[in-house]
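Please keep the sequence and the structure in view while reading.

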Amino acid sequence: MATSSDSGAHQQMSLDLLPSALLATVMTKLDITSIRSLACTCKAFHSCASHMLCFIPNFHLADIAPSAEFLRPLLPSNPYLRSLKVDCMRLDDSSLDYLLQPTLQELCLHNCADFSGRLLSQVGQYCKDLRFLYLSSLAEKRRRSIDVSDLEVLFGGCTQLETLILMFDVSMFLRHNFARVWAIAPATLSSLEMGYISSVMVTELLSPPVVAYQSMEHIQPSILLGLQKLCLSVDYITDTMVSTITNNLNCLTHLDLRDSPIMEPRLAFDLTNAGIQQINLHGRLKHLSLVRSQEIFPAYFKRVNDLGILLMADRCSDMESICLGGFCQVTDTGFRTILHSCAKVYKLRIYHGPHLTDLVFHDIAATSLTLTHVSLRWCNLLTNHGVARLVSNGNLSVLDLRDCRNVGDEALRRISNLSKLKALLIDGSDVSDMGLSQLSKGAMSALVALSIRGCKRLTDNCISFLFDESSNCELRELDLSNIPNLSDAGVLLLAKRRIPLLELRMRQCPLISDTSIMVLASMKVDEEGWYGSSLRLLDLYNCGGITQLSFQWLKKPYFPRLRWLGVSSSVSRDVLDTLSRNRPFLHVAFRGEELGTTGQWDNSDDLYMHDYDEVDELEQWIEGENEGDDEDIQEAENNAYPML
């Protein structure tokens, strides 16, 4: 009879004897996450995985920020590579030689702050077959202008480009000749998004070029004639800009405009009834978003009222998605006009609607609407009665009632009947522990995301009411931030329920202490799972009871999947540096910034869902086994301040 050691040796030999072509065929069907997990199981798979890097079609590592030393061996020359997505926080221009491969059709480079504008021209030179390009934060650390010639080289080289997303301050381009360069943009370009651009530059960019002494019969045609989607963040949304867009982009189906004024706009720099009625002149728009943000200055669209909305709605009968933010002069009359005129709308979002009341939804049952996404954030006159009318539409999958302070327990009782609800956000509402118990009787079984941030009436009991032991919970994202009465006892109840959460936010909870971190680090979601294995995001910013001692549970092997961690700004720099060495791919935020994708439920056209991988072994593959240095952590803790 063979011994157990002989059996293990035989199994190892049998793996080594498998044809490499067979292993390669299997691995070509996997994504990079699965390949890197498989590579950690044995030497045979590790060798094959290393070889497979020359053949995989998709390389996606947007969830971590690898250094150049780590990334270079993972990106050898690959004639089959079609899609590359990388977080470039630790990279610069020296990485371009292996990032830019000639077979790429999709390129997404996040956090390119250390790159120069040369990145644009290099993409144009080396990625001739590119169809999709996403760049964020380009040259932000360098604080230098980007030469418009780099953009010209990009357009000249990527002649098949279909989608261009520039998520940075486009005004860094030298304004001279900026509009002229867009005249040579690929005719295939159908989608354009910009992180920031002035309204004047937009008008210049989209206006037909006019040559001196040119006759009216020979005016050159507009640029970007095939553009179907336009998303811009500007300084001011103006009548002139809206008119220019609608008159020159005849094929537009998706228009998203957002501004953040630094002062109250004058008439010439504002949107009025005259401008808003110019929207959708050609009748092709399906998705419209007009939002004035108050994050810099409390400005609103004060020159648009019900009449303007009425005139716009006449052309919006085929609209499928409408988002209006900051229209402080529009009343129930204007908002009801949208509901009754746009029978095909499935996504409705209204922000800062101070005059929106329950009457908007009084007769919504009489319409043919099939709403799936509804957001009514900062609509403070909305009450339980209005929500009850709204949720009579049983197809809702996303419901955002954040900062609707008159919404309470009765609304939750009605919401609990929504069997398709995936995301519920009720921050700052007037709900209680007993109100949340209504969710466990219905909608809770399907919810993927729940946010009850700032609900002051809640206590630890809300956890036991939410997560009944007999319920089948699909929840993956939970926000318990700014709940004064939430304590370690509530976190212990959460751990006992073994909910496999991916994101947990508990920022600004004064009663949360080291005990909560210890409990979460020790939690098993199942009998065979890792301790604390499911969490990818943990936000503990400004939790009053947490001390430096808690950092011993934040190092390896606890929280093996953790990618984002929020802590207080008073934490010792020595402790942060030691944690960074122990977990080089962990993003630690200590200035109070929000972590992860908190706006996903607002901005995605399709319902956002996570990829729930059971194993994430990237660090072992790249670094090899590294148990961390307990002595360094302990020494840092001894030298640190006593509280976070």
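**Backbone geometry and packing**

W378 is partly exposed, with a relative accessible area of 31%. The model is a predicted one, and W378 sits in the loop between β12 and α15 (384-390). The phi angle of W378 is positive, at about 60°, although the residue is not a glycine. Most residues other than glycine have a negative phi, and most peptide bonds are trans.

H352 also calls for attention. Its phi is positive, about 50°, and H352 is not a glycine. H352 belongs to the loop that links β11 (347-351) and β12 (373-375). Is H352 buried or exposed? With a relative accessible area of 16%, H352 counts as buried, because the cut-off for that class is under 20%. W378, at 31%, is partly exposed, because that class covers values between the limits of 20% and 50%.

A further backbone feature concerns a peptide bond. K556 and P557 are joined by a cis peptide bond, whose omega is about 5°. P557 lies in the loop between β18 (537-539) and β19 (564-566).

The chain as a whole can now be considered. It contains 24 helices and 20 strands, and 54% of its 644 residues count as buried. Among contacts with a separation of 6 or more, 76% are between residues 24 or more positions apart. The accessible surface comes to about 27,500 Å², and carbon and sulfur atoms hold 52% of it.

How confident is the predictor, and where does that confidence fall? The mean pLDDT of the chain is 86, and 85% of the residues reach 70 or more. Over residues 604-633, however, the pLDDT is below 50, although this stretch has 70 contacts in the model beyond near neighbours in sequence. Residues 636-644 likewise have a pLDDT below 50, with 27 contacts beyond near neighbours in sequence.

Which strands pair with β4? Strand β3 (residues 106-110) pairs with β4 in the parallel sense over 4 bridges, and L107 has L133 of β4 as its bridge partner. Strand β5 (residues 163-169) also runs parallel to β4, and 5 bridges join the two. Here S136 has M167 of β5 as its bridge partner. The path from β3 to β4 includes helix α7 (residues 118-126), and β3, α7 and β4 make a right-handed β-α-β unit.

Strand β6 (residues 191-196) contains S191. S191 is buried, with a relative accessible area of 9%. Leaving out residues up to four places away in sequence, S191 touches E162, T163, L164, L227 and K229. One of these, T163, is within the residue range of β5 (163-169).

L225 lies in the loop between α10 and β7. L225 is partly exposed at 45% relative accessibility. Its C-alpha is 9.4 Å from that of T188, although L225 and T188 are 37 residues apart in sequence. Not counting residues up to four places away in sequence, L225 touches N248 and C251.

An α-helix has 3.6 residues a turn, so residues three or four places apart point the same way.

In soluble globular proteins, nonpolar side chains tend to be buried together. The largest nonpolar core has 181 residues, and those with the most contacts inside it are F59, W182, L224 and I415. Helix α4 (residues 43-52) gives the most to this core, with 5 residues. Which residues does I415 contact, its neighbours within four places in sequence left aside? They are V387, V391, L399, L401, L421, L424, L439 and A443.

Technical notes. Residues numbered from 1 in each chain as written. Predicted model: local features only at pLDDT ≥ 70, side-chain atom pairs only at ≥ 80, totals over all residues. Heavy atoms only, no water. Pairing = 2+ DSSP bridges. Right-handed = clockwise from strand over helix to strand, strands pointing away. pLDDT = per-residue confidence, 0-100. Contact = heavy atoms within 4.5 Å. Buried < 20%, exposed > 50% of the residue type's maximum accessible area, 1.4 Å probe, protein only. Core = buried A, V, L, I, M, F, W, Y, C linked by side-chain atoms within 4.5 Å. Areas by Shrake-Rupley, 256 points an atom, 1.4 Å probe, with all protein chains shown as cover.
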